[in-house]
Structure formats: C-alpha cells, structure tokens
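Dear colleague,

Please find below the sequence and structure that I am handing over to you.

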Amino acid sequence: MAYYDSAPSVPLLWNFSQVLGQQLPNEPLQNDDIITTIAFDKLGDHLAVGDRGGRVVIFGRDDRKKNVSSNRRDLEQRDFASQHPEFRYKTEFQSHEPEVKEHKVKQVIEMAPPLCSENMLLAESSFVPGLETKSAANGYRLEWIEKMPQNFLPPQDVDSEIGGMEDPFRAKRQKVYAYAHSFNINSISNNSDYETFVSADDLRINLWNLEVSDQCFNIIDMKPSNMEDLTEVITSAEFHPLHCNLLAYSSSQGLIRLSDLRHSAICDHASRIFQHGESYGSKSFFTEITSSISDIKFLNDGQHLISRNYMNMKLWDMRKESSPVAIFKIHEHLRPKLPELYNNDCIFDKFECCFSGDGLHFATGSYSNILRIFSPGSGREEGIKLEIRGNFNRKAIRQPKSRARRSSLSNIMPRGIYHHAHVYSESSSIDSLCNLSSKLLQVAWHPTCNLVACAVESSLVLYYA
C-alpha cells in the first residue's frame with residue numbers, strides 16, 4: 001500500500017455519482033433534517049448518516065445489476081470500465097429524542113470487527129447545558145427480519161423498523177453508555193483491540209469497555225480546579241489504527257497530543273506534542289480561535305495524521321513533531337474578513353477532513369458548498385475544487401411539534417435537480433464570491449475506492465474518480 005511520502009500522487013478526475021435524500025426545490029428545509037455526521041464502515045458496504053433530530057439513517061451498497069446485457073462485448077466493456085459503488089436506503093432508527101434542541105447525532109462509528117455485514121453502531125449525542133440529563137451514547141445492532149407485508153404492524157417493543165423494503169432490517173438498541181459526561185461529547189473512537197472505545201467531551205476523555213455500559217475510566221482530565229483558569233478544551237480524540245495503547249487528541253490551542261495508555265492510568269502528560277511553528281509566533285484574538293483543531297484522523301499506515309483547523313488542513317508525520325509535512329490552505333483568502341466572520345459566528349464552524357484508502361489524497365469542505373481535494377506531489381498546490389450546484393437557497397424553519405417526522409434520506413434524488421460538479425484546478429473568482437451560508441462541514445472517503453460523500457444540508461452528495 002502506497003502512502004504520501006512513498007509515491008507521487010496523480011490528480012483524480014472526479015465525476016458525479018448520486019444524491020441521497022429528498023430535497024425538492026420548493027420544499028422548506030427542516031432544521032432537524034440537517035446532516036451532522038457521515039461515516040462508512042470498514043468494508044465500505046454501508047454508509048451511516050446522522051442528523052440534528054437524533055436520527056441515524058443506514059444506506060447499503062446497491063449491487064443490483066441494472067439493464068445487464070447478455071452480449072459478450074457489452075459484458076467485456078462493463079468489466080473494463082471502472083465500477084464505483086452506489087448506495088440505497090436500508091433502514092433508520094431514532095438514536096436520541098428530537099424534542100430537545102441541539103440533541104443531535106454528532107458521530108457514528110462501527111463498533112465491531114468486520115466479520116459480518118451488520119455490526120454494532122455507536123451513535124453519539126450532544127449534551128445540552130441547563131438540563132440534568134448528561135450525555136449518552138447509544139449502541140445499536142442491525143438485525144435482518146423476514147419479509148413482511150406492508151400492512152403488517154410491528155410490535156411496540158421494536159425500537160425502530162422499516163417494512164416494505166426488499167431487505168427489511170430493524171435496529172435494536174443493545175446498550176446505553178450514559179452518565180459519564182457533563183459537557184458536550186465531541187468525538188468517539190473505536191480501539192483496534194475491538195474491546196474498548198473512548199468518548200471525549202470538552203474537558204475529559206473516558207475509556208469504555210463495549211460489554212460494560214455502566215462503568216468507564218477517566219484517562220484524561222483537563223478540568224482546572226477553578227473554571228476561571230480554563231484556557232484550553234479538547235476538540236477531538238482518535239485511537240491509533242494499529243497500536244491499541246496510543247491515543248491522539250487535539251485541543252483549542254492547536255495542539256495534538258499523543259498519549260500512551262501504558263504509562264499511567266491517568267494520561268496527564270503526553271508522550272508527544274505536535275505543534276506547528278506558526279503557533280509560537282505573534283497571536284491575536286482571532287488567530288487563537290482559528291488555530292483550534294476541529295478534526296484529526298490517523299491514516300491507515302499509522303505513521304501519518306491529518307488535522308483540520310479553520311484556516312488549513314495539515315498532514316503530520318508521527319516521527320516529526322515540530323511541523324507538518326504538508327499544509328493545505330483552505331481559507332487563507334478569508335483572513336482579512338476574520339472580524340466579520342467573528343461577528344456572524346462563522347469563525348466557529350467546524351470542518352471535518354478525510355483521506356483516501358491509499359493515503360495519497362485528502363479532502364475537506366469549505367464555504368459555497370466547495371469540496372477541496374488535495375494530492376501532494378501532483379504539482380497542484382491549490383488542489384481541486386468541486387462546486388456542488390443545486391437548489392440550496394431555502395430558509396430553514398422551525399419544525400412544528402405536530403409535524404409527523406419522515407425520512408429525508410429515504411429516496412435517491414433525481415439527478416436533474418443537481419448539476420455535475422464544476423472543477424477548479426486553480427484559484428478562481430469563486431473565492432471572492434464565497435457564500436458563507438452554504439458550508440460543507442461533513443465529508444467521508446470510501447475505504448477501498450475513490451468515492452467521497454459530502455453532506456449538503458439534508459442531502460448526501462457522492463462523487464467518484
């Protein structure tokens with residue numbers, strides 16, 4: 001397997017694949033339907049989507065053959081052409097109740113080794129200050145059920161069930177990992193031993209055993225004795241993909257700490273601290289905000305890590321702590337507008353990042369529904385920009401309490417409403433026409449092929465190369 005520093009990258013040619021989700025031109029956007037997280041499983045056969053309403057929707061790989069010809073010439077051409085996976089709706093479940101504001105699903109991950117196609121899914125909620133209920137994470141397992149007639153009424157004890165589908169599934173809640181966080185849960189990460197996982201909030205990181213839901217171990221605690229002395233919070237946490245004893249977590253000060261769980265029960269002192277040299281330079285009120293890291297991810301080789309803050313995406317070599325090996329500039333053109341971005345709260349937007357399975361390409365989102373894809377060594381410093389054009393000029397409205405909630409991602413949207421992506425290989429006027437109200441925050445890369453999924457409001461847009 002090739003990685004960044006072992007082979008030059010070749011820019012990919014991207015094409016539109018499909019859109020998942022109902023989004024009609026004249027339909028108002030419901031706040032609960034906005035996507036907050038997306039993730040592929042390790043095999044790439046399933047795609048999970050979470051929204052602000054606390055709902056998790058599962059899409060399965062669509063291997064149905066459409067209009068397959070028996071002609072040998074057609075079959076040879078079909079085999080020669082590169083095939084990319086497509087997905088269709090499979091099932092959904094309600095992970096958290098939607099009546100509480102901001103009780104949204106923030107992350108979904110696969111929690112069991114990929115020995116079978118349906119594995120436990122952990123969906124993370126967000127704590128709401130002012131309520132007595134603490135943050136919780138719910139574990140669900142998808143179970144196959146026999147085909148039932150559409151007029152069949154499921155029993156009341158079934159948590160969530162979809163009938164009338166070709167392969168009906170239901171989600172059965174297995175465990176609730178609760179009462180361990182008093183602040184917002186910002187990330188969860190599965191360990192490579194497939195026995196434990198961590199959940200992180202602004203000040204603490206807890207270690208859980210999958211089989212024990214009523215007890216956890218606090219391994220990192222950054223809460224000061226006096227909250228007035230608080231200067232730094234945890235923003236993301238990620239287990240090493242190969243070594244179960246290594247845990248990386250980022251902070252609002254732009255630091256990435258690598259801790260070894262073998263050293264002590266409480267990991268107060270990091271084994272390594274990754275910090276860019278620019279962080280030591282002159283600081284201002286705005287640079288301290290923009291340096292906050294919103295997302296970190298280990299590459300599959302375990303030797304590299306990518307991070308994303310408001311301005312840039314950085315590629316780190318785990319053997320080099322002083323500076324990243326590559327910096328991908330995302331929002332440098334917005335630096336003169338930082339005061340304006342602060343006034344409208346856009347400076348606090350949290351953008352995610354992702355990477356290809358071979359570790360040669362990296363992607364993240366930006367404003368104006370722009371997907372930025374970088375290939376180090378390709379000679380294109382600006383990377384590739386994919387602009388998603390569609391009908392996004394809709395105003396969000398509050399959802400009435402009496403409104404019956406339905407799946408906004410149950411159908412594949414007709415291609416006619418979305419245009420193919422426009423590719424920009426160099427700086428263009430699109431930077432000066434930045435639309436701050438349209439932002440691409442969530443992105444995910446398929447683990448085995450060049451397929452990228454990005455969340456645009458309540459729709460999921462997929463591109464392949």
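**Overall description**

The protein chain exposes about 22400 Å², of which carbon and sulfur atoms supply 49%. Please note that this is a predicted model. The chain contains 32 strands, together with three helices. It comprises 465 residues, and 51% of them count as buried. Where contacts with a separation of 6 or more are considered, 62% are accounted for by residues 24 or more positions apart.

**Strands S16 and S17**

Strand S16 covers residues 234–239 and is mostly covered, with six of its six residues buried. Its partner is strand S17, formed by residues 246–251; the two pair in the antiparallel sense over five bridges.

**Lys90**

Is Lys90 buried or exposed? The relative accessible area of Lys90 is 13%, and because the cut-off for a buried residue is under 20%, Lys90 is classed as buried. The side chain of Lys90 also makes a polar contact of 2.8 Å with the side chain of His46.

As a general point on strands, side chains in a regular strand alternate between the two faces of the sheet.

With kind regards

Key
Residues numbered from 1 in each chain as written. Predicted model: local features only at pLDDT ≥ 70, side-chain atom pairs only at ≥ 80, totals over all residues. Heavy atoms only, no water. Buried < 20%, exposed > 50% of the residue type's maximum accessible area, 1.4 Å probe, protein only. Polar contact = N/O pair within 3.5 Å; in protein donor to acceptor, adjacent residues only side chain to side chain. Helix = DSSP H or I, 4+ residues; strand = E, 2+ residues; numbered from the N terminus. Contact = heavy atoms within 4.5 Å. Areas by Shrake-Rupley, 256 points an atom, 1.4 Å probe, with all protein chains shown as cover. Pairing = 2+ DSSP bridges.
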